Amino acid sequence: MIGYALAFAFACVALALLLALFRLLAGPTRADRVLALDTMVINAIALIILFGIHQTSKTYFEAALLLAMVGFVGTVAYCKFLLRGDIVE
Amino acid sequence: MSLVGELVISLLIVLGSAFALIGSWGLVRLPSLMTRLHGPTKATTLGVGGCLIASMIYFPASGANWSAHELLIALFLFITAPVSANMIAKAHLHRQRYRLDPDAEDGIKDDLPPPGHDTGWATFWSRSDPPAL
């Protein structure tokens, strides 16, 4: 049963990534693109966690934690750049 | 693993991934950035939370030791999602104030209303009178 649920979940998250990719390419504003990148990072974290369940391996949590941190810092850096034209002042 | 455990885990996985999909669908469908912010920050975060709870139940149920990794990821995501949404909204307001992205599809063609004080909306100094440094 978990196998079927995982297959459904992989399809859903992959579709979600594609939708976010559409918003990343289409824009129209720059903040939209930043938001789309943030969403893609969150979806990638979900994908990694689901893959960890699929493989019954705990190694993937480190990757998910790392991606959560780096994704947040990246989003804040992009926004800071849009706001101030500089990241570290 | 018992049938009830499998049922709960499957339900959480399906619910979580469906919420992630709904959040990204909102990102595509909603009309302007301020509405689009709602999709990823609420639905997608909830979806990841569902997947994390599923894996938090799955690993102890399949014989592994319980660990706090999932809880750490969930806590971190739930703390950072509103912060990054606020940052994106601030960047958008700033760019809208200076009309660098006159965006007809946004439906917002007027300037922002006056904030009532001299520091602008959530950003820094106003356009007309920057501070004398």
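The model is a predicted one, in which local features need pLDDT of at least 70, side-chain atom pairs count only at pLDDT 80 or more, and totals for chains, interfaces and linings use all residues. Residues are numbered from 1 along each chain as its sequence is written, while chains are lettered from A and ligands numbered from 1 in the order in which they are written.

With its 25 residues, α1(A) reaches 36 Å from its first C-alpha to its last, close to the 36 Å expected at 1.5 Å a residue (the expected span is 1.5 Å times one less than the number of residues). Its buried residues are A:Ala5, A:Leu6, A:Ala9, A:Cys12, A:Val13, A:Ala16, A:Leu19, A:Ala20 and A:Arg23; a residue is buried if 20 or more other C-beta atoms, placed from the backbone, lie within 10 Å of its own. These residues pack against α2 of chain A together with α1 (3–29) of chain B.

Turning to the helix pair, α1 (residues 2–26) and α2 (residues 30–55) of chain A pack at an angle of about 165°, with their axes 9 Å apart. Axes here are lines fitted to C-alpha atoms over the stretch in contact, and angles run from 0 to 180 degrees between N-to-C directions. The two helices α1(A) and α2(A) are therefore roughly antiparallel to each other, a term for angles over 145 degrees. The residues of their contact (C-beta atoms, placed from the backbone, within 7 Å) include A:Phe10 and A:Leu17 of α1(A) and A:Met40 and A:Ile53 of α2(A). By class, the contact residues divide into 16 nonpolar, three polar and three charged. Ala, Val, Leu, Ile, Met, Phe, Trp, Tyr, Cys and Pro count as nonpolar, Asp, Glu, Lys and Arg as charged, and the others, Gly among them, as polar.

Leaving aside neighbours within four places in sequence, A:Val13 is in contact with A:Asn43, A:Ala46, A:Leu47, A:Leu50, B:Ser17 and B:Ala20.

The contact between the chains takes 45 residues from chain A and 51 residues from chain B. On the side of chain A that touches chain B, α2(A) gives the most, with 16 residues, and the classes there are 34 nonpolar, six polar and five charged residues.

How values were computed. Helices (H or I, at least four residues) and strands (E, at least two) are DSSP runs, numbered from the N terminus. Angles under 35 degrees count as roughly parallel, over 145 as roughly antiparallel, 65 to 115 as roughly perpendicular and the rest as oblique. Two residues are in contact if their C-beta atoms, placed from the backbone, lie within 7 Å. A residue is buried if 20 or more other C-beta atoms lie within 10 Å of its own, exposed if 12 or fewer, and partly exposed in between; C-beta atoms are placed from the backbone.
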